[in-house]
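Please look at the sequence and the structure first.

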Amino acid sequence: MDGSTTSRAGTWPSLDFELVSVPGRRNRPPAPIYLLPIDTARGLTVSEVEGGILELPEVPGLTLEIEPG
């Protein structure tokens, strides 16, 4: 799924998944697939040499620490 093709404003992700299809049948994913907009204003960029810490004010006490690499 390619979120960049939407006409809605914002930054949207892409998603790769495996779907088995059967010829001659209506093939549907097992559940709805939702692409949520990416919050680039509060995003955290990490790399092979630099990690970071992400905290969300709306989730008090949550701290996500990402190691480099």
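## The chain as a whole

The model is predicted. The chain contains 2 strands and 0 helices. Its radius of gyration is 17 Å, whereas the globule rule gives 11 Å for 69 residues, so the chain is more spread out than a compact globule. Along the principal axes, the C-alpha atoms fill a box of roughly 50 × 30 × 25 Å.

Of the 69 residues, 4% count as buried. The chain exposes about 6,200 Å², and 55% of this area is supplied by carbon and sulfur atoms. Among the contacts with a separation of 6 or more, 16% are between residues 24 or more positions apart.

β1 covers residues 52–55, and β2 covers residues 63–66.

## Salt bridges

Side chains of opposite charge can pair when their charged atoms come close. How many salt bridges does a search of the whole structure find? The search finds 2.

One of them pairs D39 with R42, and their closest N and O atoms are 2.7 Å apart. The other joins the side chains of E58 and R42, with an N to O distance of 2.9 Å. This second pair links distant parts of the chain: R42 is in the segment before β1, E58 is in the loop between β1 and β2, and 16 residues separate them. Through shared partners, the salt bridges join D39, R42 and E58 into one network.

Are D39 and R42 buried, partly exposed or exposed? D39 has a relative accessible area of 37%, so D39 counts as partly exposed. R42 also has a relative accessible area of 37% and is therefore partly exposed.

## A nonpolar surface patch

Which residues form the nonpolar patch on the surface? They are M1, L15, F17, L19 and I33, and together they have about 400 Å² of accessible area.

L15 is in the segment before β1, and with 31% relative accessibility L15 counts as partly exposed. F17 also lies in the segment before β1. F17 has a relative accessible area of 41%, which means that F17 is partly exposed.

The C-alpha atoms of F17 and M1 are 8.3 Å apart, while the two residues are 16 residues apart along the chain.

## Two further residues

R28 is in the segment before β1. Its relative accessible area is 56%, so R28 is exposed. R28 and V59 are 31 residues apart in sequence, and 35 Å lie between their C-alpha atoms.

P68 is in the segment after β2. With a relative accessible area of 42%, P68 is partly exposed. Where does P68 make contact beyond its neighbours within four places in sequence? P68 is in contact with S47, E48, V49, E50 and G51. The C-alpha atom of P68 is 6.8 Å from that of V46, a residue 22 residues away in sequence.

## C-alpha distances

| Pair | Separation in sequence | C-alpha distance |
|---|---|---|
| F17 and M1 | 16 residues | 8.3 Å |
| R28 and V59 | 31 residues | 35 Å |
| P68 and V46 | 22 residues | 6.8 Å |

Technical notes: Residues are numbered from 1 along each chain as its sequence is written. This is a predicted model: local features need pLDDT of at least 70, side-chain atom pairs count only at pLDDT 80 or more; totals for chains, interfaces and linings use all residues. Side-chain values use heavy atoms; hydrogens and water are left out. Patches are made of residues with over 30% relative accessible area and no salt bridge: like charges are joined within 9 Å, nonpolar side chains (Val, Leu, Ile, Met, Phe, Trp, Tyr) within 5 Å. Accessible areas come from the Shrake-Rupley method with a 1.4 Å probe; for residues, only the protein chains shown count as cover. A salt bridge is a side-chain nitrogen of Lys or Arg within 4 Å of a carboxyl oxygen of Asp or Glu. Helices (H or I, at least four residues) and strands (E, at least two) are DSSP runs, numbered from the N terminus. Buried means under 20% relative accessible area, exposed over 50%, partly exposed in between (1.4 Å probe, protein chains only). The radius of gyration is taken over C-alpha atoms; the globule rule is 2.2 Å times the number of residues to the power 0.38. Contact means heavy atoms within 4.5 Å.
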